[in-house]
Amino acid sequence: LGTVLKVEKDKVLKYSWKTTDWDIDDEESIVEFSFTGDKSQCKITLSHYNFPNQKESSDHQKGWEDFVFVPLEEYLKAKR
């Protein structure tokens, strides 16, 4: 579940997100990607916050690393 909150071309993508595993009363978390740099080099900054508890925050941090950033890094290394 989620809603796009902000889009600025080449700068920001921000959206709310909530898994169906969370309690119905839990607020949605917020995911924000910020992009800086140019076509030859881009820095992506991820912020993900507003979790219902510390365990969810820790689990999601590990999930971003294990399922997004490590595979992306391996993919980009293979493309060089």
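This is a predicted model: local features need pLDDT of at least 70, side-chain atom pairs count only at pLDDT 80 or more; totals for chains, interfaces and linings use all residues.
Trainee: How many helices and strands is that?
Mentor: There is one helix, and there are four strands.

Trainee: Is the protein compact or spread out?
Mentor: The protein is more spread out than a compact globule, because its radius of gyration is 15 Å, well over the 12 Å that the globule rule gives for 80 residues. That radius is taken over C-alpha atoms, and the rule is 2.2 Å times the number of residues to the power 0.38. The C-alpha trace spans about 45 × 25 × 15 Å along the principal axes.

Trainee: What share of the residues is buried?
Mentor: Of the 80 residues, 21% count as buried. Buried means under 20% relative accessible area, exposed over 50%, and partly exposed in between (1.4 Å probe, protein chains only).

Trainee: Changing topic, how many aromatic pairs are there?
Mentor: The count comes to four aromatic pairs. Rings of Phe, Tyr and Trp (its six-membered ring) pair if their centres lie within 6.5 Å; planes under 30 degrees apart count as stacked, over 60 as edge-to-face and the rest as tilted. One of the pairs is Trp17 with Trp22, edge-to-face at 5.8 Å centre to centre and 85° between the planes.

Trainee: Which of those two is buried, and which is partly exposed?
Mentor: Trp17 is partly exposed, at 28% relative accessible area, whereas Trp22 counts as buried at 7%.

Trainee: What about Trp22 and Phe51?
Mentor: Their ring centres are 6.2 Å apart and their planes are at 75°, so this pair is edge-to-face. Both Trp22 and Phe51 are buried.

Trainee: Where do these two residues sit in the chain?
Mentor: Trp22 is in the loop between strand E2 (12-17) and strand E3 (29-38). Phe51 is in the loop between strand E4 (41-49) and helix H1 (54-79). The pair links distant parts of the chain, 29 residues apart.

Trainee: Which residues do the ring pairs link into a cluster?
Mentor: The cluster consists of Trp17, Trp22 and Phe51.

Key. Residues are numbered from 1 along each chain as its sequence is written. Side-chain values use heavy atoms; hydrogens and water are left out.
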